[in-house]
Each structure stands twice: as structure tokens, then as C-alpha cells.
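Hi,

Here is the structure I promised to pass on. Have a look at it first, and then read my notes below.

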Amino acid sequence: MIERYETVVIGGGQAGLATGYYLHQHDQDFVILDASDRVGDAWRARWDSLRVFTPARYSSLPGMDFPGSPHAFPTKDEVADYLETYAQRFDLPVELGVRVDGLERSGDRFLITAGDRRIEATNVVVAMASYQAPKVPAFASKLSDDVVQLHTSDYRNPEQLQDGGVLVVGAGNSGAEIALDVVDEHETWLSGRDVGHVPFHIDSWFGRHLGGRS
């Protein structure tokens, strides 16, 4: 049996929910498919100390302000709860536990497969990232078993690490934040291209004013 919708949104994170908000405002026939058990689980599964690096005032989705102080930097769990509340408030048709494993053209429509389900749609919005698919170099398996190796998707806190130095590979947001998370307890090296740095703490007076947070 083939299900049919005008629009299928793949992914129930920020982009997918915001897309759903506008589709709902225009009374469109659509569904949002997400593999998680709860809206926001992609955030809940990240490391414990993660905070959004933009103030709450810039982190809202259309139609609903982020709760709390507009100057605060929300935690990962606050973001997850906000997304869940957002979906509920606007009664967005999110189907959870649905992992899309195929997308192809079918005449003048699209065919989406998710396990045994077959869904046809005139429009498809792919609103998911590649964070869920870890990229691990081939040589990783050749390292000694004495070396603890963790991908960012598996890292939660410094308690997972053994004694000794830590090499964080990748100097983007995730790598930099994890390096700061472990540096108090471990000698830490951060490897990656030079991405520059902000020459003051984001919670300082300079951060509040230069970041438009006055």
C-alpha cells in the first residue's frame, strides 16, 4: 500500500520543524518523518556540556520565541525540549521512529521508502544533516587497543576517557568545545585548520555588547 502526501519533510530538527510551520500556515497536506523516539533527541544525544553558541534571542524558530533570558546560551537539553514543545504547540504532523532509507523519482512524483513503507509525494524537503553518520578514518582500526577512540557522536563527558593526554581531531565547533570540556582534566591537543578565535569570553561585557546582546 502506498501512502500519498503533497509534501514529505525528512527530518524533524530545526529545519524540518520550521518548514512544517510554514506548510501548516498554508494548510498544506504534509508529514514530517524522523527516526528518533522523541522530537529533539538528536540534541539530547550529544555531549553533556554542549550549549548553543548563539544567544537564545537568535535561536528561535518562526512563531515561537525561545524561553528564558534572550541573552542566555541554551543547553542541548533546553534546545531539545524547545523543539518538542514547538512541534506540540503548532500541532505539526511529526511521525517518529521512521527512518527513511530511500528516495527516488517516480514519474512526476517522488517515492520515499522507510522499511516496508512506501510514500509518494509531489514535493520532498530533505531537512536532515550528516551528523548521524560518523566518519572514521581507515587507519583508526590499526591503532592499539590501549588508545581510547571516540567519535563526537559517542562522546558525552571526560569520565569516558582514561588517564593521559587527549588528541581532538577537528577544530570546528564540536572539536573546539570538546577540547575545552576535557582540558581541565587532561593535557589536550586540538588538531585542525586555523579557524581563528574570539578574543574575549562570550559571557563577558564585550561579548554582550559586541554580540548585539545589550
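Let me start with Val126, which is exposed, with a relative accessible area of 52%. Valine 126 lies in strand 6, which covers residues 117-126. Together with Leu103 and Met128, Val126 makes a nonpolar surface patch of about 290 Å². Before you go further, keep in mind that this is a predicted model.

What does Glu120 touch, leaving out residues up to four places away in sequence? The list is Ile2, Glu3, Arg4, Tyr5, Ser106, Arg109, Phe110 and Leu111.

One of those contacts, Arg109, is also a salt-bridge partner: the closest N and O atoms of Arg109 and Glu120 are 3.4 Å apart. That pair links distant parts of the chain, with Arg109 in strand 5 (residues 109-114) and Glu120 in strand 6, 11 residues apart.

While you are at strand 5, click on Thr113, which is found there too. Is Thr113 buried or exposed? It counts as buried, because its relative accessibility is 16% and the cut-off for buried is under 20%. Again not counting residues up to four places away in sequence, Thr113 touches Arg99, Val100, Asp101, Gly102 and Arg118.

Now for the rest of the charge pairs. As a reminder, side chains of opposite charge can pair when their charged atoms come close. How many salt bridges does the model have? The count comes to nine.

Two of the pairs I looked at involve Glu84. In one of them, Arg38 forms a salt bridge with Glu84, with the closest N and O atoms 2.7 Å apart. Arg38 lies in the loop between strand 2 (30-34) and helix 2 (41-44), and Glu84 lies in helix 3 (residues 76-89), so this pair ties together parts that are 46 residues apart in sequence. As for cover, Arg38 is partly exposed, with a relative accessible area of 37%, whereas Glu84 counts as buried at 18%.

In the other pair, Arg44 forms a salt bridge with Glu84, and here the closest N and O atoms are 3.3 Å apart. This one links distant parts of the chain as well: Arg44 is in helix 2 and Glu84 in helix 3, 40 residues apart. Arg44 and Glu84 are both buried.

Last, back to the surface. A negative patch is formed there by Asp48, Glu159, Asp184 and Glu185. Of these, I checked Asp184, which is found in the loop between helix 4 (173-182) and strand 8 (188-191). Asp184 is exposed, with a relative accessible area of 73%.

That is what I have for now.

Cheers

Technical notes
Residues are numbered from 1 along each chain as its sequence is written. This is a predicted model: local features need pLDDT of at least 70, side-chain atom pairs count only at pLDDT 80 or more; totals for chains, interfaces and linings use all residues. Side-chain values use heavy atoms; hydrogens and water are left out. Patches are made of residues with over 30% relative accessible area and no salt bridge: like charges are joined within 9 Å, nonpolar side chains (Val, Leu, Ile, Met, Phe, Trp, Tyr) within 5 Å. Accessible areas come from the Shrake-Rupley method with a 1.4 Å probe; for residues, only the protein chains shown count as cover. A salt bridge is a side-chain nitrogen of Lys or Arg within 4 Å of a carboxyl oxygen of Asp or Glu. Helices (H or I, at least four residues) and strands (E, at least two) are DSSP runs, numbered from the N terminus. Buried means under 20% relative accessible area, exposed over 50%, partly exposed in between (1.4 Å probe, protein chains only). Contact means heavy atoms within 4.5 Å. Lys and Arg count as positive and Asp and Glu as negative; His and the chain ends are not counted. The place of a charge is taken as NZ of Lys, CZ of Arg, CG of Asp or CD of Glu.
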